[in-house]
Amino acid sequence: MERECEAFLQKVKLLHAARFGYTKVIEASYKGHTFLLAISGIGKGFAAAAVSAVASHYAIDAFVNIGVAGSQNKEVADVFSCVIGSSYVEHDMDTSAIGDPVGLVSGINLVSLPADSKLIDLLKQSAKALDIPATEGVISSGDTFLSDHEAKARITATFHSLCLDMESAPYAQIAYAYSVPFASARIISDAEHPEIEYPKNVARASSLASDLALKVVELFR
C-alpha cells in the first residue's frame, strides 16, 4: 500500500517512475544499490498483476515482498515482530468439491508455494541487524481482512500458518510462474482483535517494514 511505502520513499533516491495498469513501479537507489519498488495495491488480483508487470517489463534478480500482516499465533508471532515466509498458501483457493486438496493452485498444482532459501537468509540477516524479532513459517493469503476468530482458527488448523495477509501467496504464485526467486516478510500489525489493533498499529508496523526493506536493499548481493 502507499502508506506502507511512505517512510521508505523518504530515504531513497528516486530515479524514474512508471505505471502499468494499477501497478506503480519506481526505480530508485539506496547506498549504491539500484532497485525497483512496485506498489501493487491491496488484494490478490492487484498483487498478481504487479508481479506480472514487473517480470514482463524488467530484467530482475529476485522479488522480495515486505509489508504488514495479522498474527495467527501471538505466542510465536507477536505484534511488531516479523514473520518470514517459509512457504505461502492461498487459504481461499478451494476446488475440494472435485477432489482437490484445499488451497491447491490449479495449473501449477501446488498448495505450498515456495520461498527462495537465499532470500529467506537475507531477510533473517536484515531483521537481526535491526533487532526485529523474526520467526520463519507459513504465510497464508486471501481476499478478506479476517477478524472472525473461528475462520482464523480454521485456516491455522488447515495450513499451520503463522500470519494472514492479502498478497504474499499470489506474489509467490506469479513469481513461480515466471521462475523468479521470491520471499516475503511481514511485520505483525495485529493479533487477537484486528479491527481494533490494525488501525492503532499500522503506522509503526509500516515504519518497521520500511526499515526492513531498506536493510534488504543494503545487504542484497
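Start with helix H1 (residues 2–9), where Glu-4, Cys-5 and Phe-8 are buried, meaning under 20% relative accessible area, with exposed set at over 50% and partly exposed in between (1.4 Å probe, protein chains only). These three sit on the same side of H1 because they cover an arc of only 85° around the axis, the arc being that of the directions from the helix axis to the C-beta atoms. Their cover includes strand S3 (33–39), strand S4 (63–71) and helix H6 (194–219); contact here means heavy atoms within 4.5 Å. Helices (H or I, at least four residues) and strands (E, at least two) are DSSP runs, numbered from the N terminus.

Before going on, a word on the model. It is a predicted one, in which local features need pLDDT of at least 70 and side-chain atom pairs count only at pLDDT 80 or more, while totals for chains, interfaces and linings use all residues. Residues are numbered from 1 along each chain as its sequence is written, and side-chain values use heavy atoms, with hydrogens and water left out.

Now take helix H5 (residues 168–177). Seven of its 10 residues are buried, so the rest of the structure largely encloses this helix. The buried ones are Ser-168, Ala-169, Pro-170, Tyr-171, Ala-172, Ile-174 and Ala-175. After H5 comes Ser-179, which has a positive phi, near 60°.

Ser-87 is part of strand S5, and it counts as buried because its relative accessibility is 13%. Neighbours within four places in sequence aside, Ser-87 touches Ser-112, Leu-113, Gly-137, Val-138 and Ile-139. Ser-96 is in the loop between strand S5 (82–90) and strand S6 (113–114). Its relative accessibility is 34%, so Ser-96 counts as partly exposed. The Ser-96 side chain makes a polar contact with the side chain of Asp-94, at 2.6 Å; such a contact is a pair of N or O atoms within 3.5 Å, where within protein one must be able to donate a hydrogen and the other to accept it, and residues adjacent in sequence count only if both atoms are side-chain atoms.

Finally, have a look at the second largest pocket. Its lining is made of Asp-61, Ala-62, Asp-116, Lys-118, Leu-119, Leu-122, Pro-181, Leu-219, Phe-220 and Arg-221. Helix H3 (residues 117–129) gives the largest share of that lining, three residues.

Technical notes
On a 1 Å grid over the protein atoms alone, a cavity is a set of points where a 1.4 Å probe fits but cannot get out, and a pocket is an open set with protein on both sides within 12 Å along at least five of seven lines; lining residues have an atom within 4 Å of a point.
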